[in-house]
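Have the sequence and the model open side by side, and let's walk through them together.

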Amino acid sequence: MSADRARIDPRGPRFGAGITAVLLLVDIFLALTGAGVAATVLLAAICLVFAWGAFAGVGRHPYGALFKRFVRPRLAPPTELEEAAPPTFAQGVGFVITLAGVVLGALGVTPALAVFAAMAFVAAFLNSVFGYCLGCQLYVLLLRARVIRTA
């Protein structure tokens, strides 16, 4: 089975989105209270985690490892699995959005950093609380438009 056809427990990305949402909320608070350097550093760390998920895949994501080790053993088996490709693509979208915020934060445009962190927060919040993955929906739309080809 190829990596893009791998199937995952959908609760793993939701768990990771919850951690990400909390970190992004802290980041927004830092940016809005004048701690621009700290906000930029935190957003850079979040950006690196998104990059890890996007380039290594959600199966190798650090939050996924935490989920597998500490959370999943305490839960009933999932009722269904989902393809890993859409959440992996969503990690790439998160990477691009947070990278834009990091670049603008490094250039001293702290309000823009807060805006990009807020955009990422909305997506992470929707995924963690409601199970609605904006990046996954974008993946499906691009797949339907034949912009993305599957193996």
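This is a predicted model: local features need pLDDT of at least 70, side-chain atom pairs count only at pLDDT 80 or more; totals for chains, interfaces and linings use all residues.

Residues are numbered from 1 along each chain as its sequence is written, and side-chain values use heavy atoms, with hydrogens and water left out.

The protein chain holds six helices and two strands, taken as DSSP runs (H or I of at least four residues for helices, E of at least two for strands) and numbered from the N terminus. Along the sequence their order is β-α-α-α-β-α-α-α. The radius of gyration, taken over C-alpha atoms, is 16 Å, close to the 15 Å that the globule rule (2.2 Å times the number of residues to the power 0.38) gives for 151 residues, so the chain is as compact as a globular protein of that length. Of these 151 residues, 39% count as buried, meaning under 20% relative accessible area with a 1.4 Å probe, protein chains only.

Now find helix H2, residues 36-56. Among the buried residues of H2 are Leu42, Leu43, Ile46, Val49 and Phe50. The buried residues of H2 pack against helices H1 (11-32), H3 (62-71), H4 (85-106) and H5 (110-130), with contact meaning heavy atoms within 4.5 Å. Just after H2, glycine 57 takes a positive phi of about 95°.

Methods
Buried means under 20% relative accessible area, exposed over 50%, partly exposed in between (1.4 Å probe, protein chains only). The expected span of a helix is 1.5 Å times one less than its number of residues.
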